[in-house]
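Please take a look at the chain below before reading on.

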Amino acid sequence: MKKERNIRIVLIVVMALVLIQAGIQLFQHRHYQIPLVAGPGVTKVTNLSDYCEGLKGTQADTLVFFMEGKEPGGKLLIIANTHSNEPAALLTALIFLENAVVEKGTLIIIPQFNHSGSRHTRPGDGYPLYFEIPTSWGSKQFRMGNRDASPLDQWPDPDVYIHYPDRQLLSFLDIRNTNRTWPGRANGALMEKVTFAAMEIMRNEGVDLAVDIHGAETMFPVTNCIVAPEKSMRIATMTSLTLQAREGFDNHVEPSPKGFRGLSHREIGDYSETLPFLLEAPLPFLDQPTGPKTTALLLDGKDPFLLKLSQKKKLFVPYDENGWPMDNRVGQHCSAVLELLQQYSRKNPERAIQVLQVPRYAEVIEKGVGYYYHDPAQTEKKNVYFN
């Protein structure tokens with residue numbers, strides 16, 4: 001009897017130590033600050049809460065960077081980390097943030113749109129807490145986030161999420177998914193306030209184009225593509241054809257569904273004058289039939305199970321022993337954004353947007369994503385922001 005009691009005590013102590021250690025790691029992850037370097041093109045930095053009072057003092061508030069050109073023109077909004085487990089979006093946004101010089105028009109960047117989701121991960125699914133990108137000055141560490149906002153910031157979830165304003169019934173989890181809460185509302189749930197604030201940026205600043213950057217499974221048909229509604233379709237199609245012809249990678253066009261509400265590429269176009277686009281690059285890490293969810297899989301996209309599925313023609317993208325490296329994904333996003341600007345500016349010369357010093361697909365693959373990041377320790381403190 002005494003022996004059994006001692007065993008129970010030992011097991012309880014071991015379990016307590018494991019829980020304490022896990023709790024410490026998750027606490028450190030939630031409070032880890034990523035240094036964001038504002039490049040030479042940044043002219044103004046604000047907060048998302050400046051466009052929705054209800055975000056002030058919450059983990060949903062996040063930084064908004066403005067890059068105003070020497071000449072007037074159109075305006076582009078880049079939205080990254082709508083889903084914080086799709087990190088190519090953030091890495092792409094930071095290349096623009098740290099390097100872009102705007103000659104004409106204005107570029108607005110929200111690097112961590114679902115800021116709450118970026119401070120919340122999925123250890124139960126084996127997600128790593130962090131990943132690193134090698135650079136010439138060392139490595140830059142990032143938090144690995146989750147698809148939805150943290151329940152620590154928005155809780156409880158409803159039994160069913162009733163979308164505003166269409167009243168379509170969605171999954172209860174979608175109320176924490178910032179690609180289901182568009183166009184949002186100022187007095188709604190926290191993530192509805194996030195999307196409402198972004199809509200206010202577009203309406204108040206007169207934004208011409210909005211690009212929402214994502215990643216999707218290789219087994220999901222809407223991947224490796226540009227998603228666009230009717231009003232944006234011509235520019236999306238010309239961009240896709242040009243990228244295939246000139247840069248050699250596929251980036252086909254998918255129509256935005258009219259009957260599925262809450263999506264950025266649908267609601268932005270319906271509730272503002274802005275032309276919306278959503279970019280998807282293949283992200284093998286998100287596929288279910290893979291090996292362990294390691295940082296290696298996240299960065300190189302190599303998985304033996306997906307390779308076998310590719311040989312059986314079960315994937316929606318080309319896939320071989322090279323996987324789908326992060327450099328390819330980020331390079332595709334960079335080229336797609338730049339080409340969308342080219343096509344829009346060609347059609348609307350009076351609202352042209354000209355952005356320089358941002359690499360395209362081939363350059364990112366040749367030099368690597370980390371080549372374009374600057375050392376925060378060697379940057380003036382006034383140009384380093386933590387988010």
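What follows is a walk through helices, loops and charged pairs. The model is predicted.

Begin with helix α1, which covers residues 2-31. Ile9 sits in this helix. Buried would need a value under 20%, and exposed a value over 50%. Together with Val13, Leu17, Ile20 and Ile24, it makes up a nonpolar patch on the surface. The accessible area of these residues together is about 450 Å².

Now step past the helix. Ile34 lies in the loop between α1 and β1, the strand of residues 35-37. Ile34 has a relative accessibility of 1%, so it is buried. Which residue lies 7.5 Å from Ile34, C-alpha to C-alpha, though 109 residues away along the chain? That residue is Arg143.

Next come the salt bridges. Side chains of opposite charge can pair when their charged atoms come close. This structure holds 20 salt bridges. One of them joins the side chains of Asp153 and Arg30, with 2.6 Å from N to O. Arg30 belongs to helix α1, while Asp153 is in the loop between β7 (138-143) and β8, so this pair ties together parts that lie 123 residues apart in sequence. Asp153 and Arg30 are both buried.

Another salt bridge links Glu86 to Arg147. Here the closest N and O atoms are 3.9 Å apart. What does this pair tie together? Glu86 is in the loop between β4 (71-79) and α2, and Arg147 is in the loop between β7 and β8, so the bridge connects parts 61 residues apart in sequence. The two partners can be read by their accessibility. Glu86 is at 3%, so it counts as buried. Arg147 is at 28%, so it counts as partly exposed.

Asp270 and Arg266 meet through their side chains in a salt bridge, at 3.4 Å from N to O. Both residues belong to helix α6, residues 264-271. They are four residues apart there, so about one helical turn separates them. Asp270 has a relative accessible area of 41% and is therefore partly exposed. Arg266 has 4%, so it is buried.

Turn now to a helix pair. Helix α2 spans residues 88-99, and helix α9 spans residues 326-347. Their axes come within 9 Å and cross at roughly 55°. The crossing of α2 past α9 is right-handed.

Where are the cis peptide bonds described here? One joins Tyr164 and Pro165, with omega at about 5°. Pro165 is in the loop between β8 (161-162) and β9 (169-170). Another cis peptide bond joins Trp182 and Pro183. Its omega is about 0°. Pro183 lies in the loop between β9 and α4, the helix of residues 190-205.

Lys313 is not a glycine, yet its phi is positive, near 60°. Lys313 is in the loop between α8 (304-311) and α9. With a relative accessible area of 74%, Lys313 counts as exposed, because exposed means over 50%.

Gln357 is also a residue other than glycine with a positive phi, about 70°. Where is Gln357 found? It is in the loop between β14 (354-356) and α10 (361-367). Its relative accessible area is 57%, so Gln357 is exposed.

Definitions and conventions. Residues are numbered from 1 along each chain as its sequence is written. This is a predicted model: local features need pLDDT of at least 70, side-chain atom pairs count only at pLDDT 80 or more; totals for chains, interfaces and linings use all residues. Side-chain values use heavy atoms; hydrogens and water are left out. Patches are made of residues with over 30% relative accessible area and no salt bridge: like charges are joined within 9 Å, nonpolar side chains (Val, Leu, Ile, Met, Phe, Trp, Tyr) within 5 Å. Accessible areas come from the Shrake-Rupley method with a 1.4 Å probe; for residues, only the protein chains shown count as cover. A salt bridge is a side-chain nitrogen of Lys or Arg within 4 Å of a carboxyl oxygen of Asp or Glu. Helices (H or I, at least four residues) and strands (E, at least two) are DSSP runs, numbered from the N terminus. Axes are lines fitted to C-alpha atoms, for helices over the stretch in contact, and angles run from 0 to 180 degrees between N-to-C directions. A crossing is left-handed if the near helix is turned anticlockwise from the far one by less than a right angle, and right-handed if clockwise. Buried means under 20% relative accessible area, exposed over 50%, partly exposed in between (1.4 Å probe, protein chains only).
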